[in-house]
Amino acid sequence: MDLRTRRGGSCPLSLVRHPRTARRLPALSAALAIAVAAGSALAQPAPADAEGVAPAEEAPVSETDRQVARLHFEKGLALLREEAWSPALAEFLLSRKLYPTRVATNNAAIALRKLQRYDEALEMFETFLRDFTMSAAERAVAQREIAELRALVGTLDITSAEPGASIVVSGEERGQYPPVKPIRVAAGAHVVRVFKEGYEPVETRVDVAGGQTVTVNAKLRRLVRSGRLRVVERAGKTVDVLVDNVVVGQTPWIGTLSVGDHMVALRGEGKLGTQPTAAPVKPQDLTTLSLLAEDLDASLRVDPTPPGASVWINSVNVGNGVWLGRLKAGAHRVEVKADGFVTEARTVTLQKGQRQGLSLPLERDEDAEIWRKPPKFTLDASASFLVAPTLGGEIASGCRSGCSSSIGLGGLGMIHGGYELGSGIGVGIEIGGLVATQQLEERPAELRPIGYRDPLGGTASDALRLGGFLAGATFGYHFGEDFPALLRLGAGVLVGEIRDERTGRFRTTEGASFNTYPVVDFASATYFYVDPEVRLGLRLGERWELSASAKLLLLIGLSKPAWDRTIELAAESDGIGTYAPESLMGDVVLMIAPGASLRYQF
């Protein structure tokens, strides 16, 4: 097939002529469908206008280059049909390098998107629209792809760097500072490295969202402690010198670097180069490396997780994050390391001409120091609604038929201060106050007239109100990140009093009914308390936490509050009477306290 074409031509799309392609289309995207169909047509004998060529002022392409480009294109097309995205991309890129065509460009863009290299895919689709003329259907598909990709691509804004500093993003060179065009990257985590000879390199990890511009302050500081590195090619070849994945010059090269270990490699035309080599630079000393550039027949891409993990090839640290480079055919040991993760190592055997990708996710080491949270002080305040089935005591237990008793209701407020270890275990102290009320109506009661042997029978109504101050110590366990939980047990003492406002209705010894006027008694109440609590919260920033809580408050009597029998009141014709010294609260009182709390840690 002759690839000589008329610029801007459109490739015929005929699924009827190519039934095998048509059968595969339902499983593919619209862009991929057009690419496969167009590629199938291109593989057949076609008229001279079957394929568009990039409009560029370049030297004419030889017939040999066109034929080689066609062979690589057809190989890429076959791989595309098998959804072998990475090798297909390599074939399309090589075809484009020899002879840039419309279909090869479109197919390369599709393969890049399938490989989730969204920034490169976006640029390739833009090149496709800018440099070629195509059918309306192809243009519509490409425009839709560009719109979707722009939502998956962010931008890096490098600031404050030294002019001429090299910029490397996730292992790939992205030019020098200041960049001539925006640095677009796929959404996700990236390692950005900015380097210039004579300065300390800046390396930082950034998270970029789709459509977002992230500013990276890359202010470089001049080296204080430095050494010199000399790199020569043993056979005298002139090739590029890469130090820490950045091209710094050509052989022979000598330069000033920061003290420590560096990675050096040589890179020449085609496959010529060297595998990564360690270069230890000592202060005020000259380190010399003599390397032999040779053909490297294979390539490897390492994608570590987390993205900032360090990659080691054959015991040489080749940098942090994604690494892409050429290696000799044969076995290579790949290691990925990161603080707080278990080191992962693989032995990869590369065949001659093989391009292999390797993803190495690391498992988190839960025992690592990095995950151990530092101890901290905490302060929280809570407000709860109190519900008590009964305050107990003899007056409540005597409420039977004809008597009505309300549920005890009230409120509880607590302030807690503590010290919490990184494990989540903590101790602290708490103070607070509570109030609870209960109403008893027409319970059986007795009024004993002074000087009479028998009491007067009748009923009494009591309005009870418990108020007190609590203080105690706590022990708890706090865990969880976005939705933290707290299990805590407190114990202490409640010191307060219970107020009873009482009225009654009785019969005199002569049988006449009368009402007693209201009287009030205040009795001290001292209780030991235990308050187990459960909280489920929502983290608000790094220091604040809002929680819903449920607490049980168990009171165990240390003293027994009872009615003061010395309080006297009129008993009509029977003179003066007193109530019996009945207990106003029980020996054990249980309360339920649902509520909310706000916690601050520092």
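Me: What makes the crossing of H3 and H5 left-handed or right-handed in this predicted model?
Reply: The crossing of H3 and H5 is left-handed. The term applies because the near helix is turned anticlockwise from the far one by less than a right angle. Helix H3 (residues 63–81) packs against H5 at about 35°, and the two axes lie 11 Å apart. Phe73, Leu77 and Leu80 of H3 touch Val103, Ala104 and Asn107 of H5. By class, five of these residues are nonpolar, one is polar and none is charged.

Me: Why is H4 called roughly antiparallel to H5?
Reply: The axes of H4 (residues 85–98) and H5 (residues 102–114) cross at roughly 150° and come within 9 Å. Angles over 145 degrees count as roughly antiparallel, and H4 is therefore roughly antiparallel to H5. H4 passes H5 in a left-handed crossing. On the H4 side, the contact includes Trp85, Phe92 and Arg96, and on the H5 side it includes Asn107, Leu112 and Lys114. The residues of this contact comprise eight nonpolar, three polar and two charged.

Me: How do you know that a disulfide joins Cys399 to Cys403?
Reply: The S to S distance is 1.8 Å, and a pair of cysteine sulfur atoms within 2.5 Å counts as a disulfide. The link of Cys399 and Cys403 is left-handed, with -100° about the S-S bond. A search of the whole structure finds one disulfide.

Me: Why is Cys403 called buried?
Reply: Cys403 has a relative accessible area of 15%. Buried means under 20%, so Cys403 is buried.

Conventions:
Residues numbered from 1 in each chain as written. Predicted model: local features only at pLDDT ≥ 70, side-chain atom pairs only at ≥ 80, totals over all residues. Heavy atoms only, no water. Axes fitted to C-alpha atoms, helices over the stretch in contact; angles between N-to-C directions. Helix = DSSP H or I, 4+ residues; strand = E, 2+ residues; numbered from the N terminus. Parallel < 35°, antiparallel > 145°, perpendicular 65-115°, else oblique. Contact = heavy atoms within 4.5 Å. Nonpolar A, V, L, I, M, F, W, Y, C, P; charged D, E, K, R; others polar. Buried < 20%, exposed > 50% of the residue type's maximum accessible area, 1.4 Å probe, protein only.
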